[in-house]
Amino acid sequence: MTRDGVSAPDGTAPVSDGILKSDDGAVLDWLLDREPVPGVHGLSAFLQPIADQWREVVLRVLFELATKQNVPLPLLWLYPRALPALAHLSHDTDGNDPDKARQLLDTLAVADVPATWCVIAPGYEKDLIDTVRRAGHELATHYDALSDGCHWGREPFDAQQRFLRELFGEEPVTNKNHYLRWEGDTEFFEWCAQGGLLMDQSKGASKTGEAGFNFGTCHPYQPVAPNGRVIPVLELPTPTQDLHVFAPEELAAPLMAAAERHHGILHLLFHPAHIDKPQVADSIIRVVRTAQERGLEWWTARQISAWERARRQVTWSDYRSGPEQTQVTLCAHSALKDATLLWLCPKSSGQAAVDGASLSAKRVHFWGFPFEAVVMDLAEDSAYTLRLRSEES
Ligand SMILES: [Zn+2]
């Protein structure tokens with residue numbers, strides 16, 4: 001980021017505001033890539049995760065070819081327990097008002113979900129910080145390069161990280177920048193990686209009219225440096241901010257539908273500073289319930305990061321397909337509880353086996369294709385032989 005972005009022509013997203021932030025680098029089109037938010041007159045948003053759609057074009061072509069050639073293809077599904085998608089709540093503690101923090105804690109207790117609290121320095125009193133952690137929430141950092149006396153740079157970033165690590169009494173793994181501040185290219189990701197942070201959430205929407213998938217994805221992704229090197233940090237974009245304050249509650253439905261359709265993560269950000277405004281607490285509880293009813297689980301960013309990293313370390317080898325059965329070896333380097341193993345196959349066989357033991361397979365449909373799914377625990381540094389009996393036999 002070296003300059004302000006171009007604001008939306010309809011006036012709903014004035015990103016050219018003299019403050020450098022991630023959305024100034026937007027590459028999507030205000031006119032072609034947004035669509036009206038159903039039920040909200042005059043508001044358009046990026047409701048399609050376009051990069052995910054392109055990736056799915058490739059996946060679907062591969063699945064179509066495998067189906068045509070009668071090749072049973074093994075896959076490790078994105079989530080445990082064959083979940084269709086995940087959901088994630090983050091809270092940026094701007095202002096650090098302890099009463100509002102307690103109100104939000106009460107709301108989350110009613111909703112019964114864990115959340116990621118991105119704490120801005122100087123943070124809450126130590127007692128309240130401990131209360132947040134004891135309630136099962138994640139303590140994360142909220143780098144401030146906006147407030148008076150706070151600047152963008154490696155040194156102030158490291159200093160705030162040290163201060164918050166001391167306050168938390170543990171290593172944070174997640175960060176989101178205050179106001180989604182961003183400067184330069186991928187240098188910030190390098191600061192995160194070198195400082196031990198595993199996940200960032202600073203790519204997202206700072207203005208209502210750019211809500212949605214303005215970075216093209218609802219999946220965590222690894223950034224790539226200009227020289228092509230993959231930076232070992234996961235970015236989980238922030239597609240919206242407080243419902244009812246930043247965007248109408250109607251926005252939640254299309255975002256959730258997109259996360260389900262593209263098997264990604266519904267990420268909602270609520271600031272404790274707005275918790276006492278009308279409808280906000282109720283809308284958190286409503287959206288949590290709705291997502292759960294649709295089969296999504298609410299995870300912290302720490303959980304998402306740990307799962308995603310473990311999942312990406314799994315390798316396949318020794319694929320052999322014969323007239324009676326297909327077999328393949330899966331190696332897991334980190335443990336994955338309730339991992340979902342998939343076989344692409346047009347007809348249900350229900351005959352999957354792992355290391356000789358037969359497991360009941362369930363029929364699922366992802367990306368428009370039918371799979372046999374088996375749920376099992378993968379242990380750290382272990383190998384498994386998977387077999388699928390052919391339908392004809
Ligand atoms: Zn903030």
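Predicted model: local features only at pLDDT ≥ 70, side-chain atom pairs only at ≥ 80, totals over all residues.
**Entry 1**

Then I took the angles. Ideal angles for four tetrahedral donors are 109.5 degrees.

D94 and H178 link distant parts of the chain, 84 residues apart. I found D94 in the loop between β4 (86–92) and α2 (98–111). H178 sits in the loop between β7 (174–175) and α5 (187–194).

Is H178 buried or exposed? I read 12% relative accessibility for H178, so it counts as buried. D94 is partly exposed, with a relative accessible area of 23%.

I checked its backbone: phi is positive, about 60°, although Y179 is not a glycine. Y179 has 29% relative accessibility, so I logged it as partly exposed.

T186 has its place in the loop between β7 and α5 as well. T186 is buried, at a relative accessible area of 11%. What does T186 touch, leaving out residues up to four places away in sequence? I found V224, A225, P226 and I231.

**Entry 2: α3 against α4**

I picked helix α3 (residues 126–134) and helix α4 (residues 154–168). Two packed helices are described by the angle between their axes and the distance between the axes. I read an angle of about 75° and axes 9 Å apart. That angle makes α3 roughly perpendicular to α4.

Which residues make the contact? From α3 I wrote down K126, I129 and R133. From α4 I wrote down E166, L167 and F168. By class, I have three nonpolar, no polar and three charged residues in this contact.

P122 is found in the loop between β5 (116–119) and α3. A cis peptide bond joins A121 and P122, with omega about 10°.

**Entry 3: the loop between β3 and β4**

A85 is in the loop between β3 (73–76) and β4. How buried is A85? I read a relative accessible area of 0%, so A85 is buried. Not counting residues up to four places away in sequence, A85 touches Y79, A259, E260, H263, G264, G295, L296 and E297. I also took one C-alpha distance. A85 and Q292 are 10 Å apart in space and 207 residues apart in sequence.

R81 is found in the loop between β3 and β4. R81 has a positive phi of about 55° although it is not a glycine. I logged R81 as partly exposed, at 36% relative accessibility.

**Entry 4: V375 and strand β18**

V375 lies in strand β18 (residues 369–378). Leaving aside neighbours within four places in sequence, V375 is in contact with R81, A82, D338, A339 and T340. V375 is partly exposed, at a relative accessible area of 41%.

Where does A335 lie? I found it in the loop between β13 (325–332) and β14 (336–344). Leaving aside neighbours within four places in sequence, A335 is in contact with A310, L378, A379 and E380. The C-alpha atoms of A335 and H151 are separated by 40 Å, with the two residues 184 apart along the chain.

Last, S305. S305 lies in helix α8 (residues 301–312). I read a relative accessible area of 1%, so S305 is buried. S305 touches L198, M199 and L234, not counting residues up to four places away in sequence.

Terms used:
Residues numbered from 1 in each chain as written. Heavy atoms only, no water. Axes fitted to C-alpha atoms, helices over the stretch in contact; angles between N-to-C directions. Helix = DSSP H or I, 4+ residues; strand = E, 2+ residues; numbered from the N terminus. Parallel < 35°, antiparallel > 145°, perpendicular 65-115°, else oblique. Contact = heavy atoms within 4.5 Å. Nonpolar A, V, L, I, M, F, W, Y, C, P; charged D, E, K, R; others polar. Buried < 20%, exposed > 50% of the residue type's maximum accessible area, 1.4 Å probe, protein only.
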